[in-house]
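Me: I have a model open and want to learn how to read it. Where do I start?

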Amino acid sequence: MCGIVAYSGKNEAFPILINGLKKLEYRGYDSAGIGTVNGSVHLHKREGKVNDLVSYCAGKNTSGKIGLGHTRWATHGCANNQNAHPHQSQSKRLTLVHNGIIENYEALKEMLTFHDFNFESDTDSEVLVQLVEWYQIRYKLSTRVALGRALQDVQGSYAVVLHDTSVKYQLLAARSESPLVIGLGEEGHFVSSDSMTFDHSAKSIIYLEEKVIAELHQNEEPAFYTLDDITIDQDILPFDYRKVAVSKGDFESYTLKEIFEQKLSVSRTLNGFSNYNSEELSKVLDDVDRIIITACGTSCHSGIVAEYLIEKYAHLNVEVEYASEMRYKCHTLGKRDLVIGISQSGETADTKMALEIAKSKGVKTLAIVNGVNSSIARIADQVIYLKAGIEIGVASTKAFTSQLSAILMLTVLIAKTKNTLTQERLDEMIFELKKLPAYVSKTLAVSEKIARRVAYHIADAQSALYLGRGLSFPIAIEGALKLKEISYIHAEGYPSGEMKHGPIALVEEDLPVIAIVNNDESAAKIISNIQEVKARKAMVIVVKNEDVELPRNIADHVINVPAVPSYLNPIIQSIPLQLLAYYTAKLKGCNIDQPRNLAKSVTVE
Ligand code: AGP
């Protein structure tokens, strides 16, 4: 989704802003723009990538020690130069960047048009900057007060940074339901959608609260106001640049680096959970009769794995809801329910909204998130942090296996609280969980070459089917999502038993069918389902534990993974599927870190 970066300080803003925008590329976007201020505003906007903007700016005036930059993920109006941010007010006095959606923009635009305001773009964001100016002119208000008034009229979500050319070196920033952080340093101040854009000079950070306006002046302490212009305080926390600095290292992409980092990320999650104060959570779980897991995309697939695990080992009823559908299915939520929101970014608008609905009904909430201090982490009553480290690749890989690791630990904790497993069995599961990083490492080592080879057989396919049963069903749908996200090959995941009820009509000669076989009671059944697709001449690729025996000639390609206890399989089996999607996308020449149309952090509903 849109990315914001703004700077006011002692240094030239342009290189700082461009560097920041490049770091925000992971969020997904289709145009970029920049405005630097040196007396007047030098505005440059381009459809395409940040590098296109940089080339366009060559030889143009980009001077100024204050500026605003933006990457736009189109919502209202197509991706073109005009709709790119920053946007300016009619008089060109105000310049603004915005992330979010102004739901009532049409009504506001109508009112402004009636008052002779003209618009240059199709965006909801331009309406906001014009509205601020309208308040300034009509009521003779200061920029800050006018911004507060305009934001009170807005329905929807926003993170905004505003500059008024008549107030030298001042930046105003505010947010509601969209992320925005402020970095303070001796050389200047930063405002951004993500603290990873701050440089080494930033020494403190402010996670701006909802509906608070920050007023930043170069070299001065910041001041904070409510939208009604009452002074308030915000927490100013120490910031360590080294903790957010990321690089690809020797890898060709962030995604590949993150796939290979999983030994470490999984172990960080497990250690983090062990240090987590689980006593309080156990108390909450004691009263719980039902768990509702809500999430989107890959995180939702983690939720389905949790459903299988918690029901099997802790005998507790679990339901999984897409967060975007939760509001239509929340009628029976009650006091003995626990709603768990799972999110890598911690900023996904739908998941956030689903947790808010649960809270409004007095239901207990728990968040499993990677994004530290993210919106979802702040909403939930309790938080389990994944500690997987920043994930830059838009397609989630290491965050997924960390979610699964946390879910396994949680399953053990619930089983213990509910007394559904013997101490011996619990100890055995913990013992195996401790070996997980080593299993992950071995899986990466044994499956990379073969996944890379099999990718040649998939790269030209129009579509692919992924089949699983029991615990491998959610891994099948996640495998299919990975392939479609990064290689743009149409792929669907099904429970293999469902094949005969429709999808088998799609099976034809050489259709890639990726079947995931577990070393548990589901193996025999999925093997017969594989026979059914093989009989129809599909190209069968089997991912299985090495202790599973396959009938002869049933598979065209086999990817073996270590023989682990079946509850660890979702993590272990995901790895070859990530690699398969990766190398297929690579053969097709796709931009794997930033797939088309996708955003890393989906901050609008
Ligand atoms: C994952 O590969 C996807 N990019 C996407 O489905 C993602 O998992 C989903 O948008 C949820 O994001 P979150 O985990 O940050 O909430």
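Predicted model: local features only at pLDDT ≥ 70, side-chain atom pairs only at ≥ 80, totals over all residues.

Me: Into which domains is the chain divided?
Reply: Domain bounds come from an automatic or database domain assignment. Here they give domain 1 (3-243), domain 2 (247-434) and domain 3 (451-592).

Me: How many residues of domain 1 and domain 2 are in contact?
Reply: Contact means heavy atoms within 4.5 Å. Domain 1 brings 9 residues and domain 2 brings 11. The centres of these two domains, taken over C-alpha atoms, are 33 Å apart.

Me: What is the area buried between domain 1 and domain 2?
Reply: Buried area is the accessible area (1.4 Å probe) that two parts lose on being put together, summed over both. For domain 1 and domain 2 it is about 800 Å², with 54% from carbon and sulfur atoms. On the domain 1 side, Y26, E177 and Y207 supply 58% of the area buried against domain 2, more than any other three residues.

Me: Now helices. How are two packed helices described?
Reply: By the angle between their axes and the distance between the axes. Helices are DSSP runs (H or I, at least four residues), strands too (E, at least two), numbered from the N terminus. Axes are lines fitted to C-alpha atoms, for helices over the stretch in contact, and angles run from 0 to 180 degrees between N-to-C directions. Take helix α16 (residues 472-487) and helix α18 (residues 569-587). Their angle is about 20 degrees, and their axes are 9 Å apart.

Me: Why are α16 and α18 called roughly parallel?
Reply: Angles under 35 degrees count as roughly parallel, over 145 as roughly antiparallel, 65 to 115 as roughly perpendicular and the rest as oblique. At about 20 degrees, α16 and α18 are therefore roughly parallel.

Me: At what angle do α13 and α18 pack?
Reply: At about 175 degrees, with axes 10 Å apart. α13 and α18 are therefore roughly antiparallel. F400, T401, L404, S405 and L408 of α13 meet P570, I571, S574 and Q578 of α18.

Me: And what about α9 and α13?
Reply: Helix α9 (residues 278-286) packs on helix α13 (residues 398-417) at about 60 degrees, with axes 10 Å apart. They are therefore oblique to each other. Contact residues include L281 and L285 of α9 and L410 and I414 of α13.

Me: Last, the backbone. What do most residues and peptide bonds look like?
Reply: Most residues other than glycine have a negative phi, and most peptide bonds are trans. Now look at K211. Its phi is positive, about 55 degrees, although K211 is not a glycine. K211 lies in the loop between β11 (202-207) and β12 (212-217).

Me: Which residues does a cis peptide bond join?
Reply: H85 and P86, with omega about -5 degrees. Look for P86 in the loop between β4 (66-72) and β5 (87-88).

Key
Residues numbered from 1 in each chain as written. Heavy atoms only, no water.
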